[in-house]
Every structure is written in structure tokens, then in C-alpha cells.
Amino acid sequence: MEVKKKQKWNMRRNWPLHILILPAVIVALFFQYAPMGGLIMAFQDYKPWLGFFQSEWIGFEHFHTIMQTDHARRVILNTLIISVLKLIFGLIVPIAIALLLNEVYHNVFKRTVQTVIYLPYFLSWVILGGILLDLLSPEGGLFNQFIGIFGVEPIFFLGDNTWFVPTVIITDLWKETGFNTIVFLAAITAVNPNLYEAAHIDGANRWKQTLYITLPAMMPIIIVVGTLSLGNILNAGFDQIFNLYNPLVYKTGDIIDTYVYRRALIDGDFSFGTAVGLFKSVISFFLIVLGYRLAYKYANWRIF
Amino acid sequence: MIYKTKGYRIFTAFNYVFLAFLAFICVLPLIHILAVSLSGSAAASGNMVSLWPVDFTWDAYDKTMGNDNFIRSLLIAIQRTVLGTIISMGLLLCAAYGLSKYDEEFKGRKWYMWFFVFTMLFNGGIVPTYIIVTGLGLGDTIWSLVLPTAINAFNLILLLNFFRTSVPKSLEESAFIDGAGHFTIFLKIYLPISIPAIATVSLFTMVFHWNQWFDGLIYMTNERNYPLQTFLQSIVVKKDLSNVTDAQELKNMSQRTVESAQIFISALPMLVVYPFIQKYFVKGIVLGAEKE
Amino acid sequence: MQKKLFSALFVFIIIILLVGCIESSDSSNDSEEDGLTTITTVRTQDDGTVYKDGEDVNDNVVTRWAEEELGINFEYLWTRPNDEQYNQQIRLMMSSNEPLPDVFQVTDTQLIADLVESGKVQPIGEVIDEHAPDRLKEIFNEFSDAFNQATIDGERYGLPRFSGGNGTESLMWVRQDWLDNLGLEAPETLEELEAVMDAFVNEDPDGNGEDDTFGLLLSAGEVGFGRTNIGDTSPVFGMYGDYVPGLWSEDENGVLVYGSIQESMKDGLVKMKEWMGEGYISQELAIAPADQAQEIFVSGKAGLAFGPPWAWDWPFGETKTNDPDAVIKPYQLPSGPDGEMGRKGESLLTGSFLFSSEFDDWDKFFEYWDETYGYILNDSEYFEDGLFEGYDYIMVDGEPVYDPNVIEEETGEEKVDPGRYFLPTNVPTFPYKMYGLLQEFHENPDKEPSGAYETDLAQRDPEYIEAAAIINRSNDIRIENKFTGAPTETMADQWSNLEQLELEIFADIVMGNVEVDAFDDFVEEWKERGGDQVTEEVNEWYDQVQSAE
């Protein structure tokens, strides 16, 4: 029966599907694929006035330079550290908060908190950059005033190499958590209430119920969110870093994207910038293929 | 079900306090910005404002609303958000319908899929993209903000997953048997059922367009065509103070109250839009994540 | 219900699309037929540039003047709010082979070198000899060093856009009321400076009963030590030697050396660390951008600040708004242990004007350039009473008035500065001209100003005039940057790394993260990682320009 249906389907003409996909393909060809031709400059000593055809070919020299330049290596490491931390905390914290919110039975309170914590998600890093610079200022910044109450000396969150990365992670959490929390919370509310009832009768307390009922029920969505962000693994967040960093914290805070930007558009070294960008793409490519495989193997879930 | 153990009650108390604190931290920056924007400029540049305006005045808002450049960039941002969302959603929905079929049903789907996923990973970088966009004559037009970002493979994947999970296969099959074609099924069955999904991804796209600043910086040769975030980025946030050689310039650069007013106004539209989409949103995102 | 909502949304969208039509930057019709010469250009347009209603960069009192009187139609292809974005845009134009504007200013020396290498700009040495009027040639000869920035292989490519020469150099601004409250004198030496700072920090100079004050405003945030102008740190280093971080100066042998690796840096850094420990200076010193750092002075929490004379107008003047009793006075910088003083010298120029290789309307261009100089040279048929009536001055009873307050009272409009509409983005000037005049007015209060420019200057606040006089009187303590050429080969590769090293070690020492001995390791590392090579190349360049003269 099953087989028959599929055969029938295949006999149907699929040309409308091609037509429907075509416009998107054309736009992608123009704006995503055509510029990829520019990647050849990663293998050139590209001079804009000579163009792609006359610029000197230098093979993998830029890639050698990446591996040999202290700062370039540091930048790659920074990118990995920041993005992995973001990935981990970006999953754990919203889940935790969603679970906590689920324990709130006061509906107005619940809805207010829910509505309020998504707020930062809608603010751009341009705006948040301006606000954070102000809030985190060690001299009279609100946050330092606050921790000052507890006798803590002012901290230079955005200018200190020890503090910059935690600050980036936390501010990113602060911006994104509310949004993800709502996603997870929705998954929790979809859990069948009868399960809890049964568990309660069996004598399981609230914590046990969370552990054995709520979390397993959330697993699919956790895996989805996790695997989707795996593809972003090397995007440590250009917008955020660019609007928060300063030369003092290049050591820990400079990431591939900001480095590429500075090398290409500020220093005018287009080929080297492109080479670094290409390097990043190749690594992410392998990571996303890995993510795809893992998700399929362990969760039997196809990302696409 | 209410639990009455002592431990749980203590937990509940802490939980309420903690969540309230969390909520407070999330609105605090906006309150601060609002307070600064309503304060006198001397108090603000002396960093003397925390959560309540000092020397209350509407001055900064008068100035902001009287600033043609600000208003113009605001309109451009609205225009780009609306146009960008419509175009992007149109393209993505059509494509997602096709790609929501299974490999067995639709030969060539796999190729299309990798074609789009590939764009998530590789891009030509700023300069080649710039050359193409300006080469097509799109430089300095709204199209340079709308078209290059129209295809977002991430959103495409979300949409096709929504389609796969929310449209009952049986409904589609019986429509086919009744002689309906792909176009009819797409328009009459898929789209109406997927309103939550469409609302969700539209929201993503709107937020993206509203908050995007870097492309405006590059493609808009005429500063007058900057969308709002680009305007804010170049004038409010990234200031170049080391080269300033006179007082007038430095003074006009550092009007904190006006900056705050502009920041506050620019944050408003997204805050207003969300509640309207919220009810679809929660539904949409959960459905999209369910296993097939 | 839902349908209604959607149709309302639809109408809204249509309206937006119709209303918000983006301005197209059509290249306006070439007006050669009216006998006008069109010169295309681009510019930065900072926040200080204010237009009257209805005017903009392409249509204002200056462009109309150029069109009507000189027959030149200036066409600004685009503008950018700051140098970084401006340079980026030029780079993008270059990379996509778009035609360059006829005339444009470039401040980034690497960009100048790239443009010259691309062959898209032309040498102008001969052009100047042939076409420039004599009074301009005189200025060019007097400050011929300014051409070094855009001289490549012995050819001049750039027309200097002169700075005020010493316009943005630091002196000491002091809260006189705090001094008076505590019965102190303005400090003249390091020792006295420390005593005053100590009193400002510990003796409650503002009398509010709280321990909430700093001694001195210093700022090195974002750009680094020796590179800011409000809260300038260079005077601290200047007390210990003739070197400032970030600048190349001559040593005893006339060889160029890099300031940041000199022994005397250590003394300055140790001093600042000490001051930070005592609470004399803000801990935010090494991080806060200047506009945040200055808050401690503006909000009345710091009593001393190193900054340029113009800081009087803003931001330091703002202090009075927060505290009406504040009295601020300018003083000369304090001297170091051996009586030495020094401050970072401003560059002779802010950038160079380059000319597209297609451009050839030289006579027209130099006519314009010459006329705009007429104003400060007090020799112009157009600018006798000022630049433009109703803009920088108005006529009251047949007399020109420049005072912004009077202008605002009389016309109900704020005074705007049309000088900023000129091609060089400000009234064209040349080094030492302005502060030289201000010094004369300060030393000789009875001096009658002649001409609009002088009259305008003579009416400035006395504090500002005094500050300018203090600066101009002590031009011998300027520490100049002698290397103004394009980044050398090794610089292009290594400089950002080296600067990075420098920024980190300076901040680390001052904040006490590392001991001062780490400075020696830094110098070694700096030299090893290309610094020595850079020094060699910089001196090659220096020898070349020296011998060319």
C-alpha cells in the first residue's frame, strides 16, 4: 500500500516545484554564488586596479601567513572559545529559566516575566553597544555602582582581557535568553498533564518529575536548537563584538569576522582578509556536515 | 496541582524573587536610556542620571523629531523592513514548499537543498559582493539592502520543517486525487495552515532588517540614504574622537540625551510589533521543531 | 476581522513604498554649457557641520558663491560622517574600479600610497609651479614638510590640507575655585602637581563632604597613550624626555626613533601607575573613550585636565552648567623633575588632496583655493566683513557682528559656520596662524583687529585667548611626529601587531597587571618582531625626504 502511493506520487509531474524554487535560486545565484568568484583573491596578491586577471598568483601563501601570525592564530582560538561557550550557555540557561517559569502558577506574573525578558532580543547590537558602554563603565556606570554596594571594586568589563569574554557571553545570553526561553516554555506546556498526574500518584516529587518527564519531553526541541546553532559555530557574533570591543581586548576578544573586516576594509589588504574568511568557511562546512550526521544518527532527525 | 511541601514553598519564594530580578535586569537598560533621554544635557554628560530623569525636559525628543536626517533614516528603515520581509518571505515560501517534499517524491530536491545550505557556509566576502551589487546598478538603492539578504537558508529550513510537520499528508493527497495541482495546494492548503510559521519567520526577518546596519554603511553611497541603524551606528555609537580638532564638532558629537532619545525611538517599533505576532509565534516555533 | 487587518496592512505598505522613495543620486546634468566648470568631489561631513534649513552639501551659500563668482560647480558625489567610513568608501570605489572624484582629501597614508600605485591619481609638483598663485606658493614653501605625506618616489601627489599647526595641543586646565577653596597655587612643577592632586583628592575641594573627587583627567582609551586630545597623556611623558608614545622623533644623532620604546616611557608609566594607586586619576584611564573619560571633569569630579585651548568651549565649559560656581583657568603644563616639559605636537596637516588623473581644470581649482585663503590672509574682495552675511556674521547698524549670542538674538537663528562648507571642510588655514594672532591679542589687549577674521578672533572668551597664547608662546616644547609618509613595507605587514603589543603593555603597566620591567621585554619583542626593520625603513624614507629638500 505504502509503496503504491509513492509510485503514484513520482508519476506526477513535478515541474511546478522547479518553477516555485527557481526565483530563490536566481537570487541566490546572483547575490550568493556570483560573489564567491571573488574567493580566488585568497590565492592572489590582489590589487584592485589590476583586477582578478592580472593580480599576481601566490598560491597558499596567505594561509601559511595565517598559521604563522600569532594574532591570526589567536583570533581563531578566540572565535572557537567564544562561540562554543555561547552555544553551551545559550542552551542551558534558557532551558533552566523555562523550567523555573513553568513552576510559576501566578498567571499575570508569569506572562509579565515572559514578555519582559524577550525585550532585549529586539534591540540591535548597535543600540546595545551604546547602552552597554554606558552601563558597564567603571566610572559611574550603573552596573559598577551596583556591585559597589557590595564593596566590589569597579571592574573594566569591556577593557580587561579577563572580563571581556565573560561579558560578551553574558550580554549575549541577556539578549537571546528571553527569546529561547519562550521557545522552550512552549515545548514544556505541550507536555501531557496526565503524565504529571500519574507521577504524582507514584510519589515523584516536583524535581523528579522535571527530570524524568519534562526534560525528556523537551529533548527533540533541544536537539533542534542545538544542531541548528552548530552551523553557526564559527560565527562568534560580528555585530556584538564589533560594537563592544576595543584594541585593549584584541587579545581575547578579536574574532575572525572582526579581524577580516579590519584587514580588508581598514588596512586595505583584501586578499588576506578573504583568505581568513575562506579558512573559516571551510571549517564551518565540516562542522555542519558533522552536525547533520550526528543529528541524524543520534536523534534520527534530519535538519533539512 | 499545587504542591504544599515546605521545601517547595521555599523554592517558590526564591523562584519568584529570582524571576522578578531577571525581568528587572532585562528592562533596566531601556529605563536607563529613557531616563537619560528625558534629562537635562549637562546632567547627562556628567553621567549623573541612573533610573530617573534629572532636570526633566522633552528637549531631546524635540530635537530628534526635528532632525530631518533621523526621520529620513527612520522612514528608510521602515521601508526596507516592509519590502525586505515581503520579498524574502515570498521567495522563501515558494522554495520551501518545493523543498518540503521528500527526496523520493521530488527528484533533484537534494541538489536544491545543498545549493541553499552551501550559501550558509561560503560567501565571497564584502568586496566581491560589493562589486556584484554595484555592478548590477543596485548601489545606493533600497534593493541593495533587500535583495542580497533575501535568501536566508536558515529561515528556509525552518519553513520547510513547518510545512512538513503542520500540513497533514492525507489532506494534500486527497487534494491531489481531486485534481488539484501544486500551485493550488500551495496557496489553498499550505499557506493558510502555516500562518503561525509565516508569522514567526516574518518576525525573524523583520527583526533582522530593522537591526541590520552594515550593508547600509557599504552600499548607500549617499549618507542621506542610510537606514536607521546605520545612521545610529555612524553617528551615535562609533564616533571618531581622536581626530576632532575643535569644540563645535566635539560638542555636537556628544549629545548624550539626544543619542538616548534616538536609541529609544529606534527600539520602539519592534517592541510594538511583537505582541501582535506573539500568539502565532509560540505555536509556530514549537510545530517547526517537532519531529516528523 | 483578519481580512480587515490584512487590507489595512496592505494599504500601509503601499503608502510607505510611495512616500519613502529613496533619493537617487543621479549625476546631475553636466552644466558645461553655462560656462561652468564642474568639479566632482567627496567629503567627510562631521557633526560640527550644520546647514541652514533648505541648504545641503550640494546647495549652500559656499557652492552658490563658487558658482556665481568663480564659475565652478562643485558636485559632492557622497559624504561620510567620519574618516573610517570615508576611507572605507574610497577603498570600495577603488576595488570596484569606479571612477574617482576629481579632487578629494585622503588622511590615511596607506590609502594615499595605494591610490598612487594604482595610477588613478596624478602628480602635481609641476602643476603647482605652473598654476598656483604666488601667495599660495609662499605658504607651500614655508611649510614644505607638509608635502612629505603624499610624496612618493620624489613626486608630489598631494596638496596639503593644513592644520592649525598647534591648534590641538595641550595645556593644563585647572579648577581655580578648588585651588582657592584650599588656598593653593596652580602647580608649576611635578612636585607641586602631586601636592595639588593630593589635596584635590583628599581635602574635599568641592566642599560636599564626600570623598568623590579625582585629581587629574587623563584618557588613553580606545586609541592609546599619547593619542587623545582631551585628557592628553603626552605631557606626563613630556616631563621625562623628548618622546611621546606613537610618534617618531629625532634622537640626539638626528636619527628617527619610535617614541613608545624609549626609556623615558617607563618613568611616565610608573608615574601614572602611582597616581592611579593614590586615586589621583581615574582607573578608567586606559579604557574609556575620550567622551566618557571627560565626564569626570564635566561633572565636577576632577580638578585638573590636560587639553587643547578649544576644549574651553566644549566640553570643559559644560562644567559651569553643572556647577555655576566653577571657575576654570588655563595654565602652562607642569615641568618634570629636571625642569623638562613636552607635549605632543599637532601634525602640520590633516590630510592631502589628491587629484584624479582625468582632472585638468587647474586654473579654476587654484583660483578657488586662493580665494578661500583670502579670508584669513585678510586680503579678499569677497570676505571683507566675514565669510557670508547671515551665516557667520550679521550687520547691525552698519557694523559686522560675530558674537553668536547677538546673532541668535537678532535673527532668531543659531550662528552657523559656513567655513565648513569649503572643500577642506573648514576655513582654510595654515600652521600657527590662528594662535599666533590670539597671542598678539592676549599680550596686547589694545591691539586693533583688522579685518573680519581678526575681529572674530579678538572677540573670543578671554580664557580661550589666554590658553591659545600659552600654547603659542611655548612652541619649543612641541614634540613633533617626523614620520608622515606612507607605511613602509614592514609597517604594512607588522604595524598593527606592534601597536597591539604597545597598547597592551602600556595599559598593563599603568593598571599594575605587570611590573614595569616588562617594558624592557616589550622593547626587545617589538624590535625583534619587525620594529627594528621598520625603524630602518622609516629612516630611509627620512633621508630621502631630507635630501630632496
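Into which domains is chain B divided? Chain B has domain 1 (6–45) and domain 2 (64–289), with bounds that come from an automatic or database domain assignment.

Please keep in mind that this is a predicted model, in which local features need pLDDT of at least 70, side-chain atom pairs count only at pLDDT 80 or more, and totals for chains, interfaces and linings use all residues. Residues are numbered from 1 along each chain as its sequence is written, while chains are lettered from A and ligands numbered from 1 in the order in which they are written.

Nine residues from domain 1 of chain B and nine residues from domain 2 of chain B make up the contact; two residues are in contact if their C-beta atoms, placed from the backbone, lie within 7 Å. On the domain 1 side, H1(B) gives the most, with five residues. Helices here are DSSP runs (H or I, at least four residues), numbered from the N terminus.

**Between chains.** 76 residues of chain B are in contact with 71 residues of chain A. On the chain B side, H1(B) provides the largest share, 13 residues.

Ala, Val, Leu, Ile, Met, Phe, Trp, Tyr, Cys and Pro count as nonpolar, Asp, Glu, Lys and Arg as charged, and the others, Gly among them, as polar.

| Side | Residues by class |
|---|---|
| Domain 1 of chain B that touches domain 2 of chain B | five nonpolar, four polar, no charged residues |
| Chain B that touches chain A | 53 nonpolar, 17 polar, six charged residues |

Key:
Helices (H or I, at least four residues) and strands (E, at least two) are DSSP runs, numbered from the N terminus.
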